[in-house]
Amino acid sequence: MSTIEQLKKSADLIKKNRPSYRDLLGFYAQVFEAQEQSRQEIILSYVVIEDDLLILKKGSDMPLIEIAQFQVDNASAAKLMGTLCDLALSLETDMSKDARHIKGAIKKGVFDPEQLFPAILENRESALKTLAKKINIQVPKLILFGYLSMAPSIAACARQLALYLEKDALYNHGYCPICGSQPDLAFLDEDGKRYLKCCFCSHQWSIKRMGCSFCGNFDPDKQHYFYSDDEKEYRVNLCDSCGNYIKVVDLRQINRYFYPGLELISTLHLDLKAKEKGYAGSICL
Ligand SMILES: [Zn+2]
Ligand SMILES: [Zn+2]
């Protein structure tokens, strides 16, 4: 079964179990499908890290690159942005109005998505504000559309960069070894090994089973979690040392294909609960 078929099947299974997520998952499942399709068309040049720099980075546990160094296939990201706008319009989501404004601005020639992608990666605040004003959209919403459109390129770039890392090596830091962003999801594989997933580039790395994913604190008095018997596959780890939380998916408890984006979207109630308790989640972009 292809990834797209498996992802559709997983989305249907989650929708059945959690009907309150039907509309949101209906939209995002199609977003992920469009991203998977876009992934097959991406053409990118390699990011080369010279040997000396690589040794330095690894020796000091620094991420391989900075966000601004990610390569994006501008043409395919712009095409994907058009598809995502059409999806938001056809499903009449909260994003429909923004999608209409983006499409209108592209049509009028006042906005070129290819200007947006580097502005996001380089965190050029004034350029983003100017673009958002031209489109009549809030900056965070514009960044969301831009990020969702660039995500296939970013993930492809991360996969290439992962070749510079030792395969299956434990990396016990609370940030991505490729781009330095925080993890937004943890999971336990079939053998109970713990992995983290980067909120920005989607790279996954293995980490020690115990301790906080962010600060590494081991003190049992500071490490807590909550879970529900109705959702045995999820658990939320809370750390009193750094004040962060992370959602954990136990793959031994699910009978569906694990597609991290779907799990993230369909567990927003757990984010709410963790935030109500006073803990903070990862912040990307
Ligand atoms: Zn990353
Ligand atoms: Zn911590």
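Predicted model: local features only at pLDDT ≥ 70, side-chain atom pairs only at ≥ 80, totals over all residues.
**Entry 1**

I started with helix H4, residues 74–90, and helix H8, residues 139–161. Their axes are 8 Å apart, and the helices pack at an angle of about 125°. That angle makes H4 oblique to H8. I looked up the handedness too, and H4 passes H8 in a right-handed crossing.

Which residues meet here? On the H4 side I found Ala77, Leu80, Met81, Leu84 and Cys85. On the H8 side they meet Phe145, Gly146, Leu148, Ser149, Met150 and Pro152. I sorted the residues of this contact by class and got nine nonpolar, two polar and no charged.

**Entry 2: a stop at Ala78**

I picked out Ala78, which lies in helix H4. How far apart are Ala78 and Gly146 in space, C-alpha to C-alpha? I get 8.7 Å, although the two are 68 residues apart in sequence. Then I left aside the neighbours of Ala78 within four places in sequence and checked what else it is in contact with. I found Pro113, Glu114 and Phe117.

**Entry 3: H7 against H8**

Next I took helix H7, residues 125–135. H7 and H8 have their axes 9 Å apart and pack at an angle of about 95°. Angles of 65 to 115 degrees count as roughly perpendicular, so I wrote down H7 and H8 as roughly perpendicular to each other.

From H7, the contact is made by Leu128, Lys129, Leu131, Ala132 and Ile135. H8 brings Val139, Leu142 and Ile143. By class I have seven nonpolar residues, no polar ones and one charged.

**Entry 4: H2 against H8**

Helix H2 covers residues 22–39 and also packs on H8. Here I read an angle of about 45°, with the axes 10 Å apart. That makes H2 oblique to H8, and the crossing of the two is right-handed.

H2 puts Tyr28, Val31, Gln35, Ser38 and Arg39 into the contact. H8 answers with Leu144, Leu148, Ala151, Pro152 and Arg159. My class list for this contact reads six nonpolar, two polar and two charged. I noticed that Leu148 and Pro152 of H8 turn up in this contact and also in the one with H4.

**Entry 5: zinc ion, ligand 1**

On to the metals. What coordinates the zinc ion (ligand 1)? I found the SG atoms of Cys176, Cys179, Cys198 and Cys201, at 2.3 to 2.4 Å. The angles among the four donor atoms run from 99 to 119°, and the site is tetrahedral. Along the chain, the donors follow the spacing C-x2-C-x18-C-x2-C.

Cys176 is in the loop between H8 and strand E1 (183–188), and Cys201 is in the loop between strand E2 (194–198) and E3. This pair links distant parts of the chain, 25 residues apart.

**Entry 6: zinc ion, ligand 2**

The zinc ion (ligand 2) is coordinated by the SG atoms of Cys212, Cys215, Cys239 and Cys242, at 2.3 Å. I read angles of 105 to 115° among its four donor atoms, and this site is tetrahedral. The spacing of the donors along the chain is C-x2-C-x23-C-x2-C.

Which parts does the pair Cys212 and Cys239 tie together? Cys212 lies in the loop between strand E3 (204–207) and strand E4 (223–228), while Cys239 lies in strand E5 (residues 231–239), so the pair joins parts that are 27 residues apart in sequence.

Terms used
Residues numbered from 1 in each chain as written. Chains lettered and ligands numbered in written order. Heavy atoms only, no water. Axes fitted to C-alpha atoms, helices over the stretch in contact; angles between N-to-C directions. Helix = DSSP H or I, 4+ residues; strand = E, 2+ residues; numbered from the N terminus. Parallel < 35°, antiparallel > 145°, perpendicular 65-115°, else oblique. Left-handed = near helix turned anticlockwise from the far one by under 90°. Contact = heavy atoms within 4.5 Å. Nonpolar A, V, L, I, M, F, W, Y, C, P; charged D, E, K, R; others polar. Donors = N, O, S within 2.8 Å, 3.2 Å for Na, K, Ca; no water. Tetrahedral: all angles 85-135°; square planar, octahedral: opposite > 155°, others 65-115°.
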